[in-house]
Amino acid sequence: MKGYEILGRSLDKKGVIIVAIISEADIMKEYFSDLGMGYALTLIGGISMIVKKYKQVK
């Protein structure tokens, strides 16, 4: 918002909406990236646990 205010000389409703949409897109990109990483690590951890249990039973 500060950059928009400096370059645009004033912060109006249109500026706030534009900044909110741009910030929301950045946040969503990081959120889904972190979510995917969490799912991948959970899957890797789950597979290793299943393999260990399978070897113990056998």
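At 46% relative accessibility, Y31 is classed as partly exposed, because that class lies between buried (under 20% relative accessible area) and exposed (over 50%), with a 1.4 Å probe and protein chains only. The model is predicted: local features need pLDDT of at least 70, side-chain atom pairs count only at pLDDT 80 or more, and totals for chains, interfaces and linings use all residues. Residues are numbered from 1 along each chain as its sequence is written, and side-chain values use heavy atoms, leaving out hydrogens and water.

Y31 sits in helix α2, residues 13-57; helices are DSSP runs of H or I with at least four residues, and strands are runs of E with at least two.

The structure has 1 aromatic pair. Ring centres of Y31 and F32 are 5.2 Å apart with planes at 70 degrees, so the pair is edge-to-face (centres within 6.5 Å, planes over 60 degrees apart).

Y31 and F32 also belong to a nonpolar surface patch with M28, L35 and Y39; together the five have about 520 Å² of accessible area (Shrake-Rupley, 1.4 Å probe). Patch members have over 30% relative accessible area and no salt bridge, with nonpolar side chains joined within 5 Å.

| Protein chain | Value |
|---|---|
| Helices and strands | 2 helices, 0 strands |
| Buried residues | 3% of the 58 residues |

Definitions and conventions: Rings of Phe, Tyr and Trp (its six-membered ring) pair if their centres lie within 6.5 Å; planes under 30 degrees apart count as stacked, over 60 as edge-to-face and the rest as tilted. Patches are made of residues with over 30% relative accessible area and no salt bridge: like charges are joined within 9 Å, nonpolar side chains (Val, Leu, Ile, Met, Phe, Trp, Tyr) within 5 Å. A salt bridge is a side-chain nitrogen of Lys or Arg within 4 Å of a carboxyl oxygen of Asp or Glu.
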